[in-house]
Amino acid sequence: MEEQLNELRRLAAHAQNRRTETGIPRVAMVQGTIPEHELAAVYDPMVNLILQGSKSMTVGGRTLHYDPATYFVMSVDLPAAGVVRSSSSGDPYLAVSLTLDATLLAGLLSELPNAGSSTGHATGFSVAAVTPELLDAWVRMLRLMEQPADIAALAPAYEREILYRVLQGPMGWMLRDIATPDTALARVHQVIQRLRNDYARPLRMEALAKEAAMSVSAFHRHFKAVTALSPLQYQKQVRLLKARTLLISTGYSVTEAAHAVGYESSTQFGREYARTFGRPPAKDAARIVANMKRGFQAKPDQ
């Protein structure tokens, strides 16, 4: 598999230290030291393959580590914090990702034999060992960056193959459940999308449980199994991450950001923000903006 990884590293070598589009729908890459505030985010469902170095992802109280021997799947939208590391030889972190398309996944599943659903451990994220077959599909996909005229015709086939290889692996049940109506994972995912989009609204547990067609206790249990967070913790993480973005990119005051994301008390917002990010909102935002300016000044050609 080292030969395949080396070709993937060559193909992705021009990635930058932020999400870098490849020209292939839903496929992106990243390389180097990524700013800490960009690694703390609400992540879209994805398949993430490390080509060089390693990464840790923390969701709630659960942390997963992965490297070029493994790949990471996140099947639902999750607030998470990442840490990336260079390889033992000093080569920069390098990774590619495929954002999951629910419609494409459902269409693929309709053409495959039913292999069953989860074993009851309905987590929404996990790590598995990479296979030569999966790497082969990724090599063909990234080669399209050198033949952009072929992307429209061939990328859909390679995307289906990547998803097929994941479906065949130990986390295949996760993708099956998320795309199969009436599974617990799919119903929780529906609520998760609502929470992500309507994060500023008050959380009403009974209404969310009803939407998931579960009792309140069953909904709370399934939600935490999927996300490693309670619904209230999930909403809080999404709110704080959104507020951080507002403070950094729009010039909102702390009070304006707090109210924009649904907090009635800016004092409570400040306490929870500092507890999550380690600094009060204004100081944290000022630190990030200063670091961003230093990074820009160090690279005048970009």
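Biologist: What percentage of the 302 residues of the protein count as buried?

Modeller: This is a predicted model, and the figure is a computed one. A residue counts as buried when its relative accessible area is under 20%. Of the 302 residues of the protein, the share that falls in this class is 49%.

Biologist: Is Ile24 buried or exposed?

Modeller: Ile24 is placed in the loop between strand E1 (20-21) and strand E2 (27-31). Its relative accessible area is 2%, and the cut-off to be passed is under 20%. Because Ile24 has a relative accessible area of 2%, the class for this residue is buried.

Biologist: Which residues is Ile24 in contact with, leaving aside its neighbours within four places in sequence?

Modeller: Contact here asks for heavy atoms within 4.5 Å. With the neighbours within four places in sequence left aside, the residues in contact with Ile24 are Met141, Leu142, Leu144, Met145, Ile151 and Ala155.
Gly90, by comparison, is 66 residues from Ile24 in sequence, and the C-alpha to C-alpha separation of this pair in space is 29 Å.

Biologist: What radius of gyration does the protein have, and which value would a compact globule have?

Modeller: The C-alpha atoms of the protein fill a box of roughly 55 × 55 × 35 Å along the principal axes. With 302 residues, a compact globule would have a radius of gyration near 19 Å. The value for the protein agrees with this, being 20 Å.

Terms used
Residues are numbered from 1 along each chain as its sequence is written. This is a predicted model: local features need pLDDT of at least 70, side-chain atom pairs count only at pLDDT 80 or more; totals for chains, interfaces and linings use all residues. Side-chain values use heavy atoms; hydrogens and water are left out. The radius of gyration is taken over C-alpha atoms; the globule rule is 2.2 Å times the number of residues to the power 0.38. Buried means under 20% relative accessible area, exposed over 50%, partly exposed in between (1.4 Å probe, protein chains only). Helices (H or I, at least four residues) and strands (E, at least two) are DSSP runs, numbered from the N terminus.
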